[in-house]
Every structure is written in C-alpha cells, then in structure tokens.
Amino acid sequence: VSLTSSYNASNQINLFPNPVSYTDLTLEYNQTSTLPQQTQITVLDPLMASVRSVSAVTNEGKNQIMIPFSDLTAPFYYIRLSSAGQTSTQKIVVKR
C-alpha cells in the first residue's frame with residue numbers, strides 16, 4: 001500500500017493522538033485557500049475499504065476536525081483527507 005499526498009508543505013496534516021485509543025482522533029491542517037472548502041475525511045481499514053466518512057466546510061488557516069474512533073477495532077487505519085482538489089493519506093495506529 002502506498003501512501004500518497006498532493007498537499008504541499010504549507011498544508012501539513014497532523015493526526016493526534018497517534019496511537020489513538022478509546023477516544024476521538026483529531027485531524028489538524030492548515031488551509032491556504034481564502035475561500036471556504038468542502039473537506040472530506042475518509043477512514044480506511046487495512047484493506048483500504050471505507051469504514052467512516054466525515055465532511056466539513058473548512059476555512060483559511062488552521063482547521064481541526066474530530067473523527068470518532070472509539071468503536072473501530074482494527075490495529076491500524078488510513079486517514080484520507082480530500083479538499084480543494086488535493087488529497088493526502090496517512091496511517092494511524094489503534095492501541096487498545
């Protein structure tokens with residue numbers, strides 16, 4: 001599985017806590033576009049099947065999106081963020 005990213009360095013994505021436990025996962029990123037953007041976050045299982053999807057309208061600057069994780073049981077997942085024609089996928093570890 002290859003993790004891809006078309007985000008530039010100014011759009012760095014942070015996921016925390018990592019590893020995640022029985023809590024929500026916070027996705028934080030800096031949006032450079034001055035216009036509000038429709039942002040889609042998809043949680044993918046180890047086989048890259050979608051298990052959860054979260055949509056939000058994000059604005060210029062720092063954005064934080066909470067993703068419910070307490071009911072997900074695989075040892076790891078991939079988090080895919082899509083916004084303004086850009087996509088990034090990162091791995092998150094689950095610790096139970």
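1. Thr26 has Met66 as its bridge partner in β5. The model is a predicted one.

2. Pairing of β1 with β2. Here too the sense is antiparallel, and four bridges join the two strands. Ile13 has Tyr29 as its bridge partner in β2, and Phe16 stands opposite Thr26 of β2. Thr26 therefore deserves attention in both pairings, since it faces Phe16 and has Met66 as bridge partner in β5; strands of a sheet pair through backbone hydrogen bonds.

3. The sheet. The three strands form an open sheet in the order β1-β2-β5, with antiparallel pairing. β1 (13-16) and β5 stand at its edges with a single partner strand each, so one side of each has no neighbour in the sheet. From one strand to the next, the twist averages 20°.

4. Side chains along β1. β2 is mostly covered, with six of its eight residues buried.

5. The nonpolar core. The largest nonpolar core has 20 residues, and within this set Leu27, Ile67, Phe69 and Ile79 touch the most other members. Two or more residues of this core come from each of β1, β2, β3 (37-44), β4, β5 and β6.

6. Contacts of Ile67. Leaving aside residues up to four places away in sequence, Ile67 touches Asp24, Leu25, Leu27, Ile41, Val43, Arg52, Val54 and Ile79.

7. The salt bridge. How many salt bridges does the structure hold? There is one. Arg52 and Asp71 form this salt bridge, their closest N and O atoms being 2.9 Å apart. Arg52 lies in strand β4 (residues 50-58) and Asp71 in the loop between β5 (61-68) and β6 (76-83), so the pair ties together parts 19 residues apart in sequence.

8. Exposure of the two partners. Arg52 is buried, at a relative accessible area of 18%, because the cut-off for that class is under 20%. Asp71, at 48%, is partly exposed.

9. Composition of the chain. The chain has seven strands and zero helices; from the N terminus on, the elements run β-β-β-β-β-β-β. Of contacts between residues at least 6 apart in sequence, 57% join residues at least 24 apart.

10. Burial and surface. Of the 96 residues in the chain, 40% are buried. The accessible surface of the chain comes to about 5200 Å², and carbon and sulfur atoms account for 51% of this area.

Technical notes: Residues are numbered from 1 along each chain as its sequence is written. This is a predicted model: local features need pLDDT of at least 70, side-chain atom pairs count only at pLDDT 80 or more; totals for chains, interfaces and linings use all residues. Side-chain values use heavy atoms; hydrogens and water are left out. A salt bridge is a side-chain nitrogen of Lys or Arg within 4 Å of a carboxyl oxygen of Asp or Glu. Buried means under 20% relative accessible area, exposed over 50%, partly exposed in between (1.4 Å probe, protein chains only). Two strands pair if DSSP finds at least two bridges between them. Axes are lines fitted to C-alpha atoms, for helices over the stretch in contact, and angles run from 0 to 180 degrees between N-to-C directions. A nonpolar core is a set of buried Ala, Val, Leu, Ile, Met, Phe, Trp, Tyr and Cys residues joined through side-chain atoms within 4.5 Å. Contact means heavy atoms within 4.5 Å. Accessible areas come from the Shrake-Rupley method with a 1.4 Å probe; for residues, only the protein chains shown count as cover.
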